[in-house]
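Take a look at the structure below.

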Amino acid sequence: MHVIATAGHVDHGKSALLRALTGMEPDRWAEEKRRGMTIDLGYAWMTLASGERLAFVDVPGHSRFVPNMLAGVGPVPAVLFVVAADGGWMPQSAEHLAAIDALGISRGVLVVTRADLADPSRAIAQAAAQIRRSSLGDVRAVAVSAITGAGLPELIGALGELAGQLPPVTGTLPAGTVRRGDELLLVPAVRPVKVRALQALGENATELTGVARAALNLRGIDRTQLARGMALVQPGRWRLARQVDVLISQVSENGPPRLITVHVGSARTQAKVRMLGGAVARLTLRDPLPLHVADRVLLRDPGASREQADPDGSRDIWPGLFGAVVLDVDPPPLTRRGAATAAAAELAAWPNRPAAADLVRRRGLAAAADLTAMGVTDQPEPVAAGWLADSDHWAGLAARLGAIVAEHAEREPLAPGLPVEAARQALRLPDRRLVLALASAAPALAASVASLLADLADRPFDAPDATRLSELGLEKRDLAAAARHGALLRLTDQIVLAPGAGERAAQILAGLDQPFTAAAARVALGSTRRTVIPLLEHLDRLRLTQRLPDDRRRIRG
Ligand SMILES: Nc1nc2c(ncn2[C@@H]2O[C@H](COP(=O)(O)OP(=O)(O)OP(=O)(O)O)[C@@H](O)[C@H]2O)c(=O)[nH]1
Ligand SMILES: [Mg+2]
């Protein structure tokens with residue numbers, strides 16, 4: 001099944017088109033029938049000759065009902081963009097297109113309706129030019145009359161083609177399939193419910209895969225307690241986000257206002273907007289919503305008016321509409337000075353689909369289950385049961401654990417060793433198993449460092465090369481951690497000597513004729529060109545040597 005939403009200005013013939021295509025009535029309410037206008041979302045469906053089923057969500061075109069339109073278009077992957085031949089491009093044509101663009105919807109058909117009332121060619125050219133500039137790009141255009149039926153066979157052909165381009169499943173499988181008997185959570189109320197029966201397009205089913213229109217019979221809740229915007233989620237696969245960091249994709253000169261309406265799927269709520277820097281913003285939601293990282297949300301300023309846009313309607317950015325990608329659904333608080341700017345710089349470099357590594361780097365440590373609930377299922381090897389660690393952070397922790405253990409041994413030489421719980425508290429770790437994993441990482445690091453120091457005992461000024469380092473399994477971060485811990489002297493990323501090598505070198509160089517060249521120093525120290533230059537620079541920094549204008553050096557008195 002594929003789900004397609006209509007879009008287009010009021011009275012341009014969206015509902016009439018669906019009536020003609022499907023034989024079903026999308027305007028369900030008496031008031032809609034009386035006023036001849038769609039107010040709320042309507043549903044209709046049809047089966048193509050291929051057997052493929054298409055479900056349509058009919059949206060209202062009137063500017064007053066744009067929030068309902070957004071609820072209809074929010075969860076769908078494709079649109080039927082309707083423009084009347086005798087109406088042409090109108091304000092809600094532009095507004096709906098801006099919303100589609102902000103949501104990043106990339107599939108659709110342009111349908112110019114009421115073709116029995118006016119020559120459709122002008123409306124087609126006008127609309128195609130606008131649509132081309134949006135996420136829809138070049139779409140097929142079909143002129144139809146819902147009254148005479150002209151053009152409908154061609155439209156059905158275009159829909160078949162469209163269905164062929166749509167992925168049969170969107171969304172991840174675990175989140176996108178519902179089965180009879182499933183136990184789900186209704187959010188935001190977080191009420192457990194059980195799926196007693198399900199139907200799609202009027203027929204019973206045992207299992208449905210999204211995107212689909214589905215009717216569920218639920219145990220555990222009364223239908224009067226249900227409302228649009230609520231969602232059913234699999235326990236553990238989602239979290240309710242109250243704060244999210246987002247990247248806004250269309251920041252106009254003024255940027256979004258401080259209070260904005262957030263549309264997510266069919267849900268909407270208010271949010272406070274805090275711009276962190278560039279296009280990165282932190283949204284604080286009035287009502288928590290089930291959100292995954294990489295979700296697209298639409299931000300709408302209900303106060304923005306058409307007058308702010310170009311009067312000829314040719315602008316492709318609708319005032320007050322912003323698309324955004326969710327980067328983090330549980331962002332750390334911004335307490336330190338400059339934290340907002342730093343967060344903006346970090347997040348701006350993230351991809352639109354943040355990886356586990358991005359989220360873990362931001363946190364140092366993360367529970368695998370939390371990442372799963374954030375929608376990140378592709379996860380690296382845990383460092384301990386249920387825990388993922390950023391490699392730099394982990395190496396730093398290992399070095400700190402080594403230092404804490406050594407300190408404890410010195411303070412209490414007769415004690416049997418540092419208790420795990422004491423180490424956990426000292427390192428502020430959330431789980432004892434992390435301490436145990438660190439303890440086994442720390443001796444491995446210590447053993448490698450010991451071998452390195454043994455190498456250096458023979459040739460103290462010839463830093464081990466990359467091959468030797470990788471043989472010992474020492475990566476840059478390990479060297480950094482060991483240096484922080486005082487176990488090595490780190491001259492550059494990859495050049496390390498034993499601690500105290502600088503002072504020893506200075507003693508030997510004091511025996512040379514002053515001033516001396518780098519070449520003379522290299523020979524005297526039994527060093528290499530690769531090591532001696534950073535070593536001499538290190539001595540300059542320690543003010544043990546002085547570098548002269550001709551690049552020679554002398555030992556300082
Ligand atoms: N002659 C003619 N009239 C049409 C055609 N399509 C729609 N209409 C008429 O145009 C008017 C508006 O049609 P609707 O289908 O209600 O328009 P809509 O886009 O659904 O309007 P909203 O839902 O309020 O946005 C109705 O009176 C329809 O009968 C067409 O192809 N030819
Ligand atoms: Mg309608």
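## The model

This is a predicted model. Keep that in mind while reading the values below.

## Around ligand 1

Start with the neighbours. Ligand 1 is surrounded by 19 residues. Ala-16, Thr-38, Gly-61, Arg-114 and Ala-146 are the closest. Sorted by class, this shell holds seven nonpolar, eight polar and four charged residues.

Now look at the backbone atoms. Gly-13 has a backbone N or O atom 2.9 Å from an oxygen atom of ligand 1. A polar backbone atom of Ser-15 is likewise 2.9 Å from an oxygen atom of the ligand. For Gly-61, the distance from a polar backbone atom to an oxygen atom of ligand 1 is 2.8 Å. On its own, ligand 1 has 650 Å² of accessible area, and the protein covers 83% of this.

## The pocket

Where is ligand 1 placed? It sits in the second largest pocket. This pocket holds about 400 Å³ of space. Such space can be found by rolling a probe the size of a water molecule over the atoms.

The lining of the second largest pocket counts 26 residues. Nearest the pocket centre are Asp-11, Gly-13, Lys-14, Ser-15 and Ala-16. By class, the lining has nine nonpolar, eight polar and nine charged residues.

Which helices take part? Helix H1 (14–22) and helix H2 (30–35) each give at least two residues to the lining. H1 supplies the most, with five residues. Find Gly-13 and Ser-15 again: both lie among the residues nearest the pocket centre.

## Two backbone spots

First, a general rule. Most residues other than glycine have a negative phi, and most peptide bonds are trans.

Now find Pro-515. The peptide bond between Gln-514 and Pro-515 is cis, with omega about -15°. Pro-515 is in the loop between helix H16 (501–509) and helix H17 (518–525).

Then turn to Ala-294. Its phi is positive, near 80°, and this residue is not glycine. Ala-294 is in the loop between strand E17 (280–290) and strand E18 (296–300).

Terms used
Residues are numbered from 1 along each chain as its sequence is written. Chains are lettered from A and ligands numbered from 1 in the order in which they are written. This is a predicted model: local features need pLDDT of at least 70, side-chain atom pairs count only at pLDDT 80 or more; totals for chains, interfaces and linings use all residues. Side-chain values use heavy atoms; hydrogens and water are left out. A residue is near a molecule or strand if one of its heavy atoms lies within 4 Å of it. A polar contact is a pair of N or O atoms within 3.5 Å; within protein, one must be able to donate a hydrogen and the other to accept it, and residues adjacent in sequence count only if both atoms are side-chain atoms. Accessible areas come from the Shrake-Rupley method with a 1.4 Å probe; for residues, only the protein chains shown count as cover. On a 1 Å grid over the protein atoms alone, a cavity is a set of points where a 1.4 Å probe fits but cannot get out, and a pocket is an open set with protein on both sides within 12 Å along at least five of seven lines; lining residues have an atom within 4 Å of a point. A molecule sits in a cavity or pocket if more than half of its atoms lie within 2 Å of its grid points. Ala, Val, Leu, Ile, Met, Phe, Trp, Tyr, Cys and Pro count as nonpolar, Asp, Glu, Lys and Arg as charged, and the others, Gly among them, as polar. Grid points are joined across faces, edges and corners, and a volume is the space filled by probe spheres set on the points. Helices (H or I, at least four residues) and strands (E, at least two) are DSSP runs, numbered from the N terminus.
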